Amino acid sequence: MERKFNKQPKLHIKTGDTVLVIAGDDKSKQGKILSVDRAKRRAIVEGLNMVTKHIKPTTNSPQGGIEKKEAPIHISNLKLVDPKTGDATRIGRKKNEDGKLVRYSKKTGEVING
């Protein structure tokens with residue numbers, strides 16, 4: 001019998017990272033990641049990819065109305081900003097002294113915390 005594992009893929013970004021959008025309407029804008037959906041490979045970035053949502057009147061909001069909120073962006077359209085230099089960089093993974101896998105900047109070679 002063959003086992004199937006639903007292993008989540010490793011991503012180059014995490015919640016709290018500052019990223020640069022490299023494609024789409026918000027190209028060349030930076031923002032902080034609020035959440036990541038690993039299964040769909042999408043992330044919500046603070047203040048970017050805003051969409052308009054119409055809200056029906058409810059007990060919480062009796063007026064209803066129009067609300068602006070962030071929509072998810074595919075992670076292939078995001079590039080991590082190196083916290084040391086402020087430039088966009090690619091990410092690599094290597095083991096540190098403790099044998100734990102850490103992310104590092106391909107441009108500067110420095111370990112990225114987080």
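Two strands are taken as paired if DSSP finds at least two bridges between them. In this predicted model, strand 3 and strand 6 meet that criterion, pairing in the antiparallel sense over two bridges.

The pairing belongs to an open sheet of six strands, arranged in the order 6-3-2-1-7-8 with antiparallel pairing. Strand 6 (73-74) and strand 8 (88-89) form the edges; each has a single partner strand, so one side of each is left without a neighbour in the sheet. Strands of a sheet pair through backbone hydrogen bonds, in either a parallel or an antiparallel arrangement.

When residues up to four places away in sequence are not counted, His74 touches Lys40, Arg41 and Arg42. The side chain of His74 also makes a polar contact of 2.9 Å with the side chain of Ser76. Between His74 and Ser28 the separation is 46 residues in sequence, and their C-alpha atoms are 15 Å apart in space.

Arg41, one of the residues touched by His74, lies in the loop that runs between strand 2 (30-37) and strand 3 (42-45). Although Arg41 is not a glycine, its phi is positive, at about 60°. The relative accessibility of Arg41 is 31%, so this residue counts as partly exposed.

A positive phi also occurs at Asn49, a residue other than glycine, where the value is near 55°. Asn49 is placed in the loop between strand 3 and strand 4 (50-55). With a relative accessible area of 26%, Asn49 is partly exposed.

With regard to annotation, an unreviewed UniProt entry lists residues 12-39 as "domain: KOW". In the model, the span 12-39 is 0% helix and 43% strand, and its end C-alpha atoms lie 14 Å apart.

Terms used:
Residues are numbered from 1 along each chain as its sequence is written. This is a predicted model: local features need pLDDT of at least 70, side-chain atom pairs count only at pLDDT 80 or more; totals for chains, interfaces and linings use all residues. Side-chain values use heavy atoms; hydrogens and water are left out. Helices (H or I, at least four residues) and strands (E, at least two) are DSSP runs, numbered from the N terminus. Buried means under 20% relative accessible area, exposed over 50%, partly exposed in between (1.4 Å probe, protein chains only). UniProt positions are given in the numbering used here, feature names are shortened, and annotations may be inferred rather than shown by experiment. Contact means heavy atoms within 4.5 Å. A polar contact is a pair of N or O atoms within 3.5 Å; within protein, one must be able to donate a hydrogen and the other to accept it, and residues adjacent in sequence count only if both atoms are side-chain atoms.
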